[in-house]
Amino acid sequence: AALRARGLDATLGAARLFLSAWARRYGAEYLMASTPGDLRYAAGDAGLEPGWPSATRLVDEVLVPVARDLDLPLALKLGCVRRLAPDLAPCGGGDGLRRVDLRPLARLLTAQPRLKVLATLLGRADQHEACVLAQKFPNLHLYGCWWYCNNPSIIRELTSMRLEMLGTAFTAQHSDCRVLDQLVYKWRHSRAVIAEALAAQYAHLLGAGWTLTRGDVRRDARALLGGAYEAFLA
């Protein structure tokens, strides 16, 4: 419908033109898609409805070519279930989450080694497997504690686990809030929790004989709050 409303055919080629034009207009820094937990990416994948292209074709024939042409990463938000509680849907509160099958993401990272992928997951239960993927695939960057993971206890757990498994090669928190006021409390409690997680790691290093400097702290804080992301995109 969006394509036809702008005088374009409902084809994958037209979808590429549409996406590329809007990415250029916005000065996009990445291409983002919020996807369900059962996202498919495999040979022989079928569309959800007769005549619809499969998710695999949309990725391979629309998203990847546009990302390549504009030199942009693909940002995936994985695990949302839309309208889980339909009565709450009009205010956006009816969405839930589900476990994510991360095998399609692994296949995408393998099939497109030059495509840079940013990923955040909605469910706590999927985060350890995601860290393992980030260890194995240099074209994957994990970021943030999205939505239902934006609780101090979960931020603390995820940040500690990521520090142990990835060092500072991730982005500890982000915000795509639609209400600006949400940004204030999210960053206030996130900074405190991230500082606690870093302090715990420094305590282990000091116990092992490491000499910690203010420069080390500044470097690591910068990496977690944007520097690692910038290095990943460079």
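Two strands count as paired when DSSP finds at least two bridges between them. Keep that in mind for the exercises below, and remember that this is a predicted model.

**Exercise 1. In what order do the four strands of the open sheet run, and which of them stand at the edges?**

Step 1: Start with the order, which is β1-β2-β5-β6, with parallel pairing.

Step 2: Now look at the ends. β1 (31-35) and β6 each have a single partner strand, so one side of each is left without a neighbour in the sheet.

Step 3: On average, neighbouring strands here are turned by 25° against each other, direction ignored.

Step 4: Zoom in on one pair. β5 and β6 are joined by three bridges in the parallel sense. Here Leu118 stands opposite His141 of β6.

**Exercise 2. Find the largest nonpolar core: how many residues does it have, and which element gives the most to it?**

Step 1: The count comes to 45 residues. Those with the most contacts inside the core are Leu102, Leu105, Leu108, Val117, Leu140 and Leu142.

Step 2: Next, see who contributes. Among the elements giving two or more residues are the strands β2 (74-78), β5 (117-121) and β6 (140-142), along with helices including α3 (55-70), α4 (103-111) and α7 (180-207).

Step 3: The top contributor is α6, with six residues.

Step 4: Pick Leu108 and check its surroundings. Leaving out residues up to four places away in sequence, Leu108 touches Tyr41, Val59, Leu74, Leu76, Leu115 and Val117.

**Exercise 3. How many disulfides does the structure hold, and how far apart are the sulfurs of Cys145 and Cys149?**

Step 1: The tally is zero disulfides. For Cys145, the nearest cysteine sulfur is that of Cys149, 6.4 Å away. The cut-off for a disulfide is 2.5 Å.

Step 2: Cys149 is in no disulfide either, and its nearest cysteine sulfur is that of Cys145.

Step 3: Check burial. Cys145 counts as buried because its relative accessibility is 1%, and Cys149 counts as buried because its value is 1%.

**Exercise 4. Is Asp220 buried or exposed, and which residues does Asp220 touch?**

Step 1: Locate Asp220 first: this residue belongs to helix α8 (residues 214-233).

Step 2: Apply the cut-off. Buried means under 20% relative accessible area. Asp220 comes in at 9%, so Asp220 counts as buried.

Step 3: List the contacts. Not counting residues up to four places away in sequence, Asp220 touches Thr168, Leu198 and Tyr202.

Notes
Residues numbered from 1 in each chain as written. Predicted model: local features only at pLDDT ≥ 70, side-chain atom pairs only at ≥ 80, totals over all residues. Heavy atoms only, no water. Core = buried A, V, L, I, M, F, W, Y, C linked by side-chain atoms within 4.5 Å. Buried < 20%, exposed > 50% of the residue type's maximum accessible area, 1.4 Å probe, protein only. Contact = heavy atoms within 4.5 Å. Axes fitted to C-alpha atoms, helices over the stretch in contact; angles between N-to-C directions.
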